[in-house]
Amino acid sequence: MAQSQTQLAAHQHGKSRVRIGRVWRIGDDSNRGMTATDTQKNCVYYVAKQLAARPCSPEEFGVALARHFVDTYPATVWKAKVAVEMMPWRRLDVGGQPHDHGFVWQGSEIRTAYVTADSKGKVEVTAGLKDLKVLKTTQSGYSGFLHDRFTTLPDVGDRIVATSVTATWRYSRPPASYDAAYGAVRQAFTSAFYGPPKGGVFSPSVQFTLYQMGKAAIERVPEVESVFLNMPNLHFIPCVPVTTKSFDNDVYVATSEPHGNIEAVVTRAAAAPHCRL
Ligand SMILES: O=c1[nH]c(=O)c2[nH]c(=O)[nH]c2[nH]1
């Protein structure tokens, strides 16, 4: 018999990465009095069902739900925080006639409401919107900023400006109508951004315009005491086509990243600022 030319020189085998969970049950692990998150979900449907009298705003829904938690579970819940988002379904318009039951996903922005309620009866309402996309093709520039050896951006007297607005605003007291107040704040934002239909208004920077928008909201709605705004600068970069080799103010590279991230809080004088929620 021919002698083998190979031999098993080394060997090992075993189970890798055996994952384990080990609990040492020390002390009282009771869940007594705790509201399960599943129960909390059911409360959302319950409160929605209760609000039957008329269509309500996201702020009113948030208040009703937050109060439900502190009122129903006083032994364990001393403060409830609720965040509501309202999706932009709008009644369909057919040749000027509102459709009986047809809705369409319209407009870019989502309406938001953040409510806290505590067991002493204190309620705080912060309303807001997100993804409000706005753009104007002129009446915007950016110049006079610091130029040094790291700067490549030229001063421009005319450019496209575009952003996606996220805003929250805190109420010092409830307005007569949350829906009307929302409409007024949104209107204040867009008027300050665009200016009048004929001629518009010049924006020397996103920062300047952001401040004007916050200021307009506070001046427009007396119950608003603090406005947070986040406005990424969604750059439209001048494009120089290979054929003409010149930029004629008409072709741009539309970008979303990287973008300048610009945000601020504007308050009524002496009011405390609030943070992004
Ligand atoms: O309105 C602007 N603000 C900036 O801070 C900035 N920075 C930049 O590169 N472009 C712009 N535009």
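What covers the buried residues of H4? The model I am reading is predicted.

**Entry 1: helix H4**

I began with the burial of H4. Val-206, Thr-209, Leu-210, Met-213, Gly-214, Ala-216, Ala-217 and Ile-218 are buried in this helix. Then I looked up their cover. It includes strand S6 (161-171), H3, strand S7 (224-233) and strand S10 (260-267). That settles my opening question.

Next I checked the length of H4. The helix has 15 residues, and at 1.5 Å a residue they should span 21 Å.

**Entry 2: the nonpolar core**

Which residues have the most contacts inside the largest nonpolar core? I found Val-165, Trp-169 and Phe-189. This core has 47 residues. H3 gives the most to it, with nine residues.

I had already met Met-213 as one of the buried residues of H4.

**Entry 3: the largest pocket**

I turned to empty space. Rolling a probe the size of a water molecule over the atoms shows where such space is left.

The largest pocket holds about 500 Å³ of space. I counted 20 residues lining it, and the closest to its centre are Leu-153, Val-156, Arg-159, His-235 and Phe-236. Helix H4 (206-220) and strand S8 (236-238) are the elements that give two or more residues to this lining. S8 supplies the largest share, three residues. I sorted the lining by type: 13 residues are nonpolar, five polar and two charged.

**Entry 4: the second largest pocket**

How many residues line the second largest pocket? I noted 14, and Pro-58, Met-86, Arg-90, Arg-111 and Asp-179 are the closest to its centre. The volume of this pocket is about 260 Å³.

Strand S4 (110-118) and helix H3 (178-194) each supply at least two residues of the lining. The largest share comes from H3, with three residues. I sorted this lining too: eight residues are nonpolar, one is polar and five are charged.

**Entry 5: looking back at H3**

H3 turned up in several entries. I found it in the cover of the buried residues of H4.

Definitions and conventions
Residues numbered from 1 in each chain as written. Predicted model: local features only at pLDDT ≥ 70, side-chain atom pairs only at ≥ 80, totals over all residues. Heavy atoms only, no water. 1 Å grid on protein atoms, 1.4 Å probe; cavity = no way out; pocket = protein on both sides within 12 Å on 5 of 7 lines; lining within 4 Å. Points joined across faces, edges and corners; volume = space filled by probe spheres on them. Helix = DSSP H or I, 4+ residues; strand = E, 2+ residues; numbered from the N terminus. Nonpolar A, V, L, I, M, F, W, Y, C, P; charged D, E, K, R; others polar. Expected span 1.5 Å × (residues − 1). Buried < 20%, exposed > 50% of the residue type's maximum accessible area, 1.4 Å probe, protein only. Contact = heavy atoms within 4.5 Å. Core = buried A, V, L, I, M, F, W, Y, C linked by side-chain atoms within 4.5 Å.
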